[in-house]
2 protein chains.
Amino acid sequence: MLDDRKAAILRAVVEEYIETAQPVGSAAVSHAPGLAVSSATVRNEMNALERDGYLVQPHTSAGRVPTDKGYRFFVDSLTPNQRLEPSQSEQVRTFFARAHGELERMLSDTSRFLAGLTDYAAVVVRDSEDPARIKSAQLVSLTSQVVLLVVVLASGVVEKRTLELPDPVDEVVVGAASARLAAHVVGDTYGRPLGVPPSATPEVDTVVDAAVAALVPGPDSDHQPQVYVGGVSRMASAFDAVGTIRQVLDTLEQQYVLVSLVKDVLDRGLSVAIGAEHGVVPLADCSIVVAPYEVEGEPAGTVGILGPTRMHYEQTLAAVAVVSRRLGQALSKGAEDR
Amino acid sequence: MLDDRKAAILRAVVEEYIETAQPVGSAAVSHAPGLAVSSATVRNEMNALERDGYLVQPHTSAGRVPTDKGYRFFVDSLTPNQRLEPSQSEQVRTFFARAHGELERMLSDTSRFLAGLTDYAAVVVRDSEDPARIKSAQLVSLTSQVVLLVVVLASGVVEKRTLELPDPVDEVVVGAASARLAAHVVGDTYGRPLGVPPSATPEVDTVVDAAVAALVPGPDSDHQPQVYVGGVSRMASAFDAVGTIRQVLDTLEQQYVLVSLVKDVLDRGLSVAIGAEHGVVPLADCSIVVAPYEVEGEPAGTVGILGPTRMHYEQTLAAVAVVSRRLGQALSKGAEDR
DNA sequence: CGTTGGCGCTCCACGATACCGAGCGCTAGC
DNA sequence: GCTAGCGCTCGGTATCGTGGAGCGCCAACG
């Protein structure tokens with residue numbers, strides 16, 4: 001749709017603008033590598049590019065700035081064999097060599113690491129596993145009327161619920177209930193209604209029933225946080241308007257917005273959403289780069305980067321791709337022989 | 001040290017500055033309630049206040065701005081019977097009426113709630129309980145070589161560690177190890193070296209030993225996050241310099257800085273630290289208001305607010321006090337009959 | 001016919017200037 | 001000791017002018 005020269009010019013404009021954040025003039029582009037034309041020619045071409053919606057002028061007789069459509073073309077024309085810079089590869093290697101520990105910690109650390117790697121805000125979203133095999137269910141009596149339900153899923157996710165019982169219950173009863181629950185529920189699928197047949201002791205059954213009820217995710221009893229955001233402070237450097245910063249940070253704090261944003265982008269088969277392409281209005285000046293990660297061959301979550309529309313797409317795409325892959329590997333560790 | 005009139009003038013200046021963020025002139029103050037003097041008199045007094053370090057002029061012949069010392073006097077002269085506004089009380093009531101669920105979730109929700117209540121950033125720091133009674137310890141086999149250790153403490157804290165075993169271990173062995181671990185460790189104090197005598201099966205002992213080792217907090221195996229920060233986006237509105245915002249957000253992401261900051265303020269017996277009073281340089285334009293909360297009469301953590309030096313101290317103090325008290329109550333629920 | 005050099009035009013950014021008003025310090029009088 | 005008033009100092013804003021970046025258009029050229 002764009003001839004070679006227009007494409008080259010558009011790419012040059014985008015690159016220049018990403019570097020400088022200033023409207024790009026025809027002269028700057030005419031000296032771009034791979035282009036040997038006069039600025040006048042560039043002007044003509046830019047004119048056409050503007051007519052076609054790839055560029056805009058902030059005002060008459062100023063340089064050009066890419067539109068979302070312009071960025072989109074730029075991103076789509078990137079060669080997919082992105083490679084990280086050596087120093088970044090090194091960082092990735094040492095991080096994942098040292099990284100260990102429990103799932104939540106791992107995801108949270110990864111989000112922070114990715115933010116540091118790219119200098120943008122990073123998100124890690126853990127898919128709620130469905131179906132999720134229950135590896136362990138246990139009841140712990142905290143006080144006479146409060147019992148903690150701890151469920152471990154096959155992925156290593158630990159779900160917690162407190163049960164508040166109507167009447168005080170002895171620790172022994174809780175122990176019995178715990179055993180009974182474990183016996184009937186382990187191996188089942190989390191999130192589906194579960195049946196535990198009544199036992200001989202009604203007291204025990206009360207506790208078990210409460211636990212089973214808590215296992216079925218209700219409308220408000222949503223799961224533990226499944227989003228990990230790192231490097232929000234980096235959004236402050238990305239914009240110069242305080243209002244924009246505030247909006248973006250605000251949105252970043254609304255976890256469900258983030259989750260559905262990431263999900264939406266993935267569902268549309270994209271790995272990059274630019275500016276208004278995603279529907280989230282307060283993030284109109286932002287782009288998001290996502291890549292799902294897989295544990296043992298199954299999709300398990302997504303890592304992503306949120307940055308200004310004028311972000312370094314090539315490096316970010318590479319970083320997100322590499323980190324998602326390595327994260328998946330790290331989480332699959334020792335699992336291939338299940 | 002300050003006569004009544006100077007104190008009244010200083011208070012008026014601080015209040016006015018907090019509202020307007022503009023240097024306060026003598027005329028504005030002379031009409032303040034409780035003051036019936038001419039602006040000239042106010043000027044004289046302000047002059048003295050500036051000489052004594054309570055006020056500064058941004059430049060010659062401008063109004064006055066409070067110094068940290070000025071804020072300090074203001075805060076210290078607040079009557080401690082702060083009360084929330086009715087609408088806020090209502091919010092607190094409904095929040096804690098609806099609030100339930102597991103400890104971590106509770107603390108995280110509280111930080112967000114407090115941020116919304118005050119319109120500043122809120123932090124909740126959970127003290128690492130010491131000594132912490134172990135209520136439950138359990139091993140769950142995730143893969144043949146990876147075992148998840150789940151420990152429940154008396155406070156309801158759930159600690160998780162993954163153990164990577166050198167050799168594949170059968171689930172049955174893990175089960176045995178889990179039972180053995182529970183038998184010997186429940187009731188002990190978390191964080192101290194624990195002894196589990198060797199059993200008849202060396203295989204089981206290997207797993208148990210790994211678990212015991214993981215229970216002793218090593219230098220790098222620090223605990224799960226114990227800080228919950230809410231409302232960071234509100235810091236963006238508090239300042240107009242992007243650089244400041246970035247610095248503050250940066251600092252807010254460094255959890256250990258936050259923890260030691262809060263701890264430090266409490267250790268000095270303060271409930272408010274203003275500007276440079278706390279040593280954290282990037283937060284020089286911020287004040288922090290803290291209040292510890294108690295569960296079952298024992299200190300269990302701290303809630304706090306981070307805002308600009310020119311924050312609404314009276315309301316914030318009240319909010320922090322109320323929320324810390326209610327949080328403590330909520331977490332003690334059903335515990336008085338232990 | 002595409003490309004290019006050139007010309008004129010537009011508009012922003014920046015500095016200089018002037019002006020206004022807020023607010024102070026000081027002093028003289030009550 | 002308080003107050004009214006005067007003069008002075010600055011910062012903020014508006015106005016103006018200028019320089020330069022960059023465009024659009026056109027005519028000429030290969």
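How many disulfides does the structure hold over all chains? The count is zero. The model is a predicted one.

Two cysteines, one in chain A and one in chain B, illustrate the setting of such side chains. A:Cys286 has a relative accessibility of 0%. B:Cys286 likewise has a relative accessible area of 0%. The cut-off for a buried residue is under 20% relative accessible area. A:Cys286 therefore counts as buried, and so does B:Cys286.

Chain A was then described as a whole. Its secondary structure comprises 12 helices and 11 strands. The chain is more spread out than a compact globule, because its radius of gyration is 26 Å, whereas the globule rule gives 20 Å for 338 residues. The former value lies well over the latter. Along the principal axes, the C-alpha atoms of chain A fill a box of roughly 90 × 40 × 30 Å.

Burial and contacts were examined next. In chain A, 52% of the 338 residues count as buried. Contacts between residues at least 6 apart in sequence were also sorted by separation. Of these contacts in chain A, 61% join residues at least 24 apart.

Chain A exposes about 14900 Å². Carbon and sulfur atoms supply 51% of that area. Chain A carries 29 positive and 43 negative charges. The mean position of the positive charges lies 7 Å from that of the negative charges.

How values were computed:
Residues are numbered from 1 along each chain as its sequence is written. Chains are lettered from A and ligands numbered from 1 in the order in which they are written. This is a predicted model: local features need pLDDT of at least 70, side-chain atom pairs count only at pLDDT 80 or more; totals for chains, interfaces and linings use all residues. Side-chain values use heavy atoms; hydrogens and water are left out. Helices (H or I, at least four residues) and strands (E, at least two) are DSSP runs, numbered from the N terminus. The radius of gyration is taken over C-alpha atoms; the globule rule is 2.2 Å times the number of residues to the power 0.38. Buried means under 20% relative accessible area, exposed over 50%, partly exposed in between (1.4 Å probe, protein chains only). Contact means heavy atoms within 4.5 Å. Accessible areas come from the Shrake-Rupley method with a 1.4 Å probe; for residues, only the protein chains shown count as cover. Lys and Arg count as positive and Asp and Glu as negative; His and the chain ends are not counted. The place of a charge is taken as NZ of Lys, CZ of Arg, CG of Asp or CD of Glu. A disulfide is a pair of cysteine sulfur atoms within 2.5 Å.
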